[in-house]
Amino acid sequence: MLLLLLGIIVLHVAVLVLLFVSTIVSQWMVGNGHATDLWQNCSTSSLGNVQHCFTSSANEWLQSVQATMILSIIFSVLSLFLFFCQLFTLTKGGRFYITGVFQILAGLCVMSAASIYTVRHPEWHLNSENSYGFAYILAWVAFPLALLSGVIYVILRKRE
């Protein structure tokens, strides 16, 4: 049982790290001397050094991506906190429903953010030299892992 709990906690922390990195790092879209993320657009030199960074546009779709990524982090942190609270207060045989629901909500939020970014980013459709960066891919990797850990929480029963 202890090994199972350790595995679940490691999976949850891995999801949290993926969510934080994908939200913070400036690599959602890269190409031709620039890198774009949710917060700023940066131009780089041929050596890879950052030269200029400007804040991203105030498009409604970009603000919704920012909000849903932040919500996914909040739901995931809250889920981890609730898991530890329920671990010590839940009666024997009880299930971790609340923890699982918040983790599933975190997964759905990150899926919504990545989907909106995929559909609405204008430079992707206009310039074929752009490609999605690793932070964008990490957001998509965090989605199934968050859903998986949420389902595990819902199925999990507390034992002695």
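Residues are numbered from 1 along each chain as its sequence is written. In this predicted model local features need pLDDT of at least 70 and side-chain atom pairs count only at pLDDT 80 or more, while totals for chains, interfaces and linings use all residues; side-chain values use heavy atoms, with hydrogens and water left out.

Q: In what order do the elements of the chain run from the N terminus?
A: The chain has five helices and five strands. Helices (H or I, at least four residues) and strands (E, at least two) are DSSP runs, numbered from the N terminus. The order is α-β-β-β-β-α-α-α-β-α.

Q: What percentage of the residues of the chain count as buried?
A: The C-alpha trace spans about 60 × 30 × 20 Å along its principal axes. Buried means under 20% relative accessible area, exposed over 50% and partly exposed in between (1.4 Å probe, protein chains only). Of the 160 residues, the buried share is 40%.

Q: What share of the contacts with a separation of 6 or more joins residues 24 or more positions apart?
A: Contact means heavy atoms within 4.5 Å. Among the contacts with a separation of 6 or more, residues 24 or more positions apart account for 69%.

Q: What distance does helix α1 reach from its first C-alpha to its last?
A: Helix α1 covers residues 2-24, 23 residues in total. The expected span of a helix is 1.5 Å times one less than its number of residues. For α1 that expectation is 33 Å, and the reach is close to it, at 33 Å.

Q: Which helices are included in what covers the buried residues of α1?
A: Buried residues of α1 include Leu 5, Ile 8, His 12, Leu 19 and Thr 23. Their cover includes α2 (60-89), α3 (97-120) and α5 (134-155).

Q: How many residues form the second, separate core?
A: Its members include Ile 8, Phe 83, Leu 87 and Tyr 153. The count for this second core is seven.

Q: Which tyrosines does Trp 28 touch, not counting residues up to four places away in sequence?
A: Trp 28 is one of the core residues that touch the most other members. Its contacts include Leu 38, Met 69 and Ala 139. The tyrosines among them are Tyr 117, Tyr 132 and Tyr 136.

Q: Which residues does the UniProt annotation "transmembrane region" cover?
A: The annotation comes from an unreviewed entry. UniProt positions are given in the numbering used here, feature names are shortened, and annotations may be inferred rather than shown by experiment. In the model, residues 65-84 are 100% helix and 0% strand, with end C-alpha atoms 29 Å apart. The record lists 65-84, 96-117 and 137-156.

Q: Why does the pair of Phe 83 and Phe 84 count as tilted?
A: Rings of Phe, Tyr and Trp (its six-membered ring) pair if their centres lie within 6.5 Å; planes under 30 degrees apart count as stacked, over 60 as edge-to-face and the rest as tilted. The structure holds eight aromatic pairs. In this one the centres are 5.7 Å apart and the planes stand at 55°, so the pair is tilted.

Q: How many residues apart in sequence are the parts that Tyr 117 and Tyr 136 tie together?
A: Their ring centres lie 6.0 Å apart and their planes are at 45°, so this pair is tilted. Tyr 117 is buried at 0% relative accessibility, and Tyr 136 is buried at 7%. Tyr 117 lies in α3 and Tyr 136 in α5, so the parts tied together are apart by 19 residues.

Q: Which residue's backbone oxygen lies 2.8 Å from a polar atom of the side chain of Ser 79?
A: Ser 79 is found in helix α2. Ser 79 is buried, with a relative accessible area of 0%. The backbone oxygen belongs to Thr 99.

Key
A nonpolar core is a set of buried Ala, Val, Leu, Ile, Met, Phe, Trp, Tyr and Cys residues joined through side-chain atoms within 4.5 Å. A polar contact is a pair of N or O atoms within 3.5 Å; within protein, one must be able to donate a hydrogen and the other to accept it, and residues adjacent in sequence count only if both atoms are side-chain atoms.
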